[in-house]
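Hi,

Here is the structure I said I would pass on. Have a look first, and my notes follow below.

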Amino acid sequence: MAVQRFYYGEAITDFLTKTDNTIIGFLTRASEHDINYETTNSWVDEIKLMQAILMDYDKHGSIYFEYNIPRMGRRADVIVLIDSIVFVLEFKTSGQNFTREAEMQVWDYAIDLKNFQEGSRNRIIIPILVAPNESDQECNLEISPFEDSVYNPLRSNAKLLKKCIELCLEEVKVHMKSTMQIEDYLWAISGYDPTPTIIEAAVALYEHHTVQEITRHDGEIDNTSEAIRNIILECREKKQKAICFVTGVPGAGKTLIGLRTAIDQFDKGEKAVYLSGNYPLVTVLQEALARDYVRRSKEACQIDKTANRPCTKAEARSEVKAFIQMIHHYRDLYLEGMKVENGELIEIPGYFKSHTDKAYIPTEHVAIFDEAQRAWTREALTDFMNRKKNFPNFPYSESYYLMSCMDRQTDWGLVICLVGGGQEINKGEAGIAAWFDALKDDKYKDWHIYVSDRLTDEEYSGGRLKDILPHENNNAYSVFSQDKGLGLFKNEKDLSSRFHIVPELHLPISMRSFRAENVSMFVHQLLDLDKGGAAVTLKKLDKYPIVLTRSLDEAKKWMRSKARGTERFGILASSKAERLKAISINVRYKPDFVHWFLDDDSDIRSSNVLEDSLTEFEVQGLEIDWACIAWDADLRLNESHSKWDHYQLMGGSKWQKINKLENQNYQINAYRVLLTRARQGMVIVVPYGDTSVPPDSTRKPEWYDGIYNYLKDIGIKEI
């Protein structure tokens, strides 16, 4: 059932005629939670105050209590519309004072409405924090708008609230209209198309919100989710094993799809697990979910006084880890009772007679592997298992081994691979072709294979898979022609019956930036040195500011001027950008990325403090609102400015050229990751280089000037 947009709402003229008890009745019946004495008293205070101050506006607007802000998983206490102006009011009970946290909260509500609610895009929105008994001296009635007509939050007590609203109306000089109530209701139910961060989405999904409530309802996510549900149903009903590949552009929602699928299966009483080799992503998501779990537990205990105690952080983390895990932990779990013999992983004789089958057969029928293109090669995994796990001669690539774990299921199983294009950034990452290499083995000859029709694109393993898909005149859902397969499945006689092309398994549109869907294309063109194409695409990004500077201080000022409420901003740099240390960016220092992503600027480890920077390894799969990308001489233009030259610092005195194509691609992908992290806009910093005498030979000005001029010639605005 859809969540109600508001608990109570109607025209001000009707609101003024209602008794407290009548309105409390509406609110109580609509509430999703048990109502305690404190909540009822707060509602009564709000109703009495709003009726007192709205007497002069009985024909000029509407009022809504407990208005849903789905992306944030919260409700605004009161929203008042007067002559088309939207006042967002957050009340703190009479014993509370103004706090920065509360001010950020009401500001976030206003920004969220402006960015994601259709009816608010052309409206003035004024957030007001109300602490009824706060002193006049602590109030702030100074009116200050941003360019998008969202005002800085005001602070008012009960006594000054009427004056606060009057000052706002006078400031914006809106002409009174007596027919606004009809338009107000259309505003209240207008479309809401949010694009949450992956952290917000994970928290909301874990609270059992639907995707329609928390994210943009453009059909792509729903279509892909429905396709995966159908594949799961088919595997279960037909008792078959399968592998499914979900592709998509950066920020399209692949991780969201994975988390949604895992939680859906849990809700149905079936176990599924979301797995990722991305340690920062898993750690940040686990911590965010655990913090939210504890918060909700505390709130539940406040409502239900009979509850024993809120859950601890340790208990919350244990709960969360049931469905989101590091891929390495999952891998190690199912090595129990196994040994290598004749190049194969086999059971230790007699081991499972004295142990439960749980040690051998996965408890989950669905395993979702995020960033599947980053699965390790056999060489990399063998080396790691020997050095770190004291498990010599490991015989498989990571993709082969993970499939072998699901193959142990006695009835059915599904492996879902979430695949990002151009995302390989580590040595030893095999790319998506490794999964198909594993599928050659006779062991998997009965597995069904589901792919999107975009898996052949160049960005997925360099287009190596292009000949395994049909060329023409074939059924769109289940097709494969063996003689076009380059021998990839040469021992298979009837692959066509188990190879399925499902177009819905591709996500073509980035959701990361709700301001512009062409950011990924722009970054792709920029890194391809397609200056003309990048210039054309840049002009389409009119709502997504991209600016250029030589000064890190200017970049910091720019981000601080743009960010509002709890929006996150931070500094990013390539892991090879070692000469940025000269401008106080030390990429070798590894900050605590959990605090970087989750804490506010009261903690010096927060991204918003702008003291610590992260590299591509810590931010892949995550995002922030505003990013500063610091560009070093590790990726620079050659003398003719016709191609990129790739370097890494050796020792402390010189750059060494990177000649291996694979490592060059890793470096390009590193910058691709960095340049696609920002949701709302970014500033690129290219330092001047060193002009002192004698000069620093690792920071020649011409290297940095070449990069800067290229970006400027594309049309990126200088600040």
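**Notes on the strands, cores and cysteines**

In the strand β9, isoleucine 324 sits opposite tyrosine 274. One thing to keep in mind as you read: this is a predicted model.

As for partners, β8 runs parallel to β9 (residues 324-326), joined by three bridges. Strand β12 (residues 366-370) also pairs with β8 in the parallel sense, this time over five bridges. There, valine 273 has alanine 367 of β12 as its bridge partner.

Six strands make an open sheet, ordered β1-β2-β3-β4-β5-β6, and the pairing is mixed. β1 (6-11) and β6 (154-156) are at the edges with a single partner strand each, so one side of each has no neighbour in the sheet. On average, neighbouring strands here are turned by 25 degrees against each other, direction ignored. β5 (residues 125-130) and β6 run parallel and are joined by three bridges, with leucine 129 opposite arginine 155 in β6.

Two helices go with this sheet. Helix α4 (residues 100-116) lies across β2 (61-69), β3 (74-82), β4 (85-91), β5 and β6, and runs at about 160 degrees to β5. Helix α5 (residues 161-172) packs on the sheet too, touching β3, β4, β5 and β6, and its direction makes about 155 degrees with that of β4.

There is another open sheet of six strands, in the order β19-β18-β20-β24-β17-β25, and here the pairing is parallel. Its edge strands, β19 (613-614) and β25 (717-718), each pair on one side only. Within it, six bridges link β20 (residues 624-630) with β24 (residues 678-685), the two running parallel. Alanine 627 faces methionine 682 of β24.

How far does helix α22 (residues 661-675) reach from its first C-alpha to its last? The 15 residues span 21 Å, close to the 21 Å expected at 1.5 Å a residue. 11 of those 15 residues are buried, so α22 is largely enclosed by the rest of the structure. Among the buried ones are Tyr666, Ile668, Arg672 and Leu675.

On to the nonpolar cores. The largest has 93 residues, and Phe522, Phe597, Trp631 and Leu711 touch the most other members. Setting aside neighbours within four places in sequence, phenylalanine 597 has contacts that include Ile199, Val284, Arg568, Leu614 and Ile624. A second, separate core has 41 residues, including Tyr334, Met385, Val419 and Ile501.

Last, the cysteines. The structure holds zero disulfides. Cysteine 164 counts as buried, at 1% relative accessibility. Cysteine 417 is in no disulfide either, with the nearest cysteine sulfur, in cysteine 244, 8.0 Å away. At 0% relative accessibility, cysteine 417 also counts as buried.

Cheers

Definitions and conventions:
Residues numbered from 1 in each chain as written. Predicted model: local features only at pLDDT ≥ 70, side-chain atom pairs only at ≥ 80, totals over all residues. Heavy atoms only, no water. Pairing = 2+ DSSP bridges. Helix = DSSP H or I, 4+ residues; strand = E, 2+ residues; numbered from the N terminus. Axes fitted to C-alpha atoms, helices over the stretch in contact; angles between N-to-C directions. Contact = heavy atoms within 4.5 Å. Core = buried A, V, L, I, M, F, W, Y, C linked by side-chain atoms within 4.5 Å. Buried < 20%, exposed > 50% of the residue type's maximum accessible area, 1.4 Å probe, protein only. Expected span 1.5 Å × (residues − 1). Disulfide = S-S within 2.5 Å.
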